[in-house]
Amino acid sequence: MNQTLCLSLLLFAAAVAAGETDRNLSSGGLVWSTATEESDLVPPDDSDSDGVFSSLDGILQWAISHSDPKKLKESAQARQRLSPIDLQKRQMEIKEIMEKIKMPSDAELMKIAINDLNNVSTSLEDRNRALQELLELVEPIDNANDLNKLGGLLAVMRELNHSDPGIRTVAAWVLGKASQNNPIVQQQVLELGVLSRLINMVKSNSIEEANKALYAVSALIRNNLASQELFYAEAGGWMIQDILRNASLDIRLRRKAMLLLAHLAEYQLENANRDEPSFFNDQDLLKSVVDLTASTDLDLQEKALIAIKSLLQLRTTEARVFRDFCALGDALNRMKQLLHELMADEYERDYAMDVESLRTEVEDIFHRKLAKQLYEL
């Protein structure tokens, strides 16, 4: 059998299988609805990300698995009897079918989701589904950059004020995902005045809403000087302090807050010519950070140690405050004892050794800064 005939047979097999899906097609293309089951939107396993089969073998396997074996055999035999003209005509018909069942592009899917958000009659379930779809679609940076062009940022921003906390949660998550390590989207969101709303959402009684809002805040201000200045102006620093001082809050929220503080202090060190925000040397804040080195959560302990390392190196922080008000020396000694106990456990040994190395580094920075400041008196 020659190559052309083989290809034709394969395409014909696909067309036979596709015939089962003709009821889902219209003259204008694929009928798309947010009410469609999620499983119906997934391309075959052997297809690429655009819903197009990656190989002829993929077409064949998919066609065989979706066809009646008897009908498939009869169709293949009939195909062999076609004239070259009929064969070419059938190939064009199959090509049209394949075009109809092709999945929409990312941009088209984003438009559909955005239209659903803009439609006031969209149900809560479909509104949530639209946000979930955008959450996946904005992960590639090119898609994230297209979100504003398609009107998506405004649509998602409006959902931050929805009465349902689940909708608000996913909306904040979408903004955070799109803004992460993306200066273009960070600036666009900043200009929409969303930051203050997200900071307020961090105070929500809904644990998930608070966590996703803080995630979005962190994504917006990370490595972005303009966003950080607005964050401080909106009392964001004190928001961090309130989270760290409140032991009743979700541990994930406290970890995120500590990590954000560590990043802000590190970013300040990298931009030494910039004035240091006053909250960095607030005694209560520093004590809250040092106290969390005694947390029962080892991850939070480590993040506190990372934050202390950067805070100690800032110009405006006083080593004597760390020593006298925060009792940093005692805290570091307690950590040392705990870490040495963990080293006796073969499952914790590597982690404990890494943290001990960091603890030793912090202790060295602390003693050097204390000696320098006492000498300058």
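Where is the place of alanine 327? Alanine 327 sits in the loop between α18 (319-325) and α19 (328-342); helices here are DSSP runs (H or I, at least four residues) numbered from the N terminus. This is a predicted model, in which local features need pLDDT of at least 70 and side-chain atom pairs count only at pLDDT 80 or more, while totals for chains, interfaces and linings use all residues. Residues are numbered from 1 along each chain as its sequence is written, and side-chain values use heavy atoms, with hydrogens and water left out.

**Alanine 327**
- Alanine 327 is partly exposed, at a relative accessible area of 28% (buried is under 20%, exposed over 50%, partly exposed in between, with a 1.4 Å probe and protein chains only).
- Setting aside neighbours within four places in sequence, alanine 327 is in contact with Val290 and Phe322 (contact means heavy atoms within 4.5 Å).
- Lysine 287 is 40 residues from alanine 327 in sequence, and their C-alpha atoms are 8.1 Å apart.

**Helix α14**
- Helix α14 (residues 236-245) is largely enclosed by the rest of the structure, because seven of its ten residues are buried.
- Those buried residues are Gly236, Gly237, Met239, Ile240, Gln241, Ile243 and Leu244.
- Their cover includes α11 (195-201), α12 (207-221), α13 (225-233), α15 (251-270) and α16 (283-291).

How values were computed:
Helices (H or I, at least four residues) and strands (E, at least two) are DSSP runs, numbered from the N terminus.
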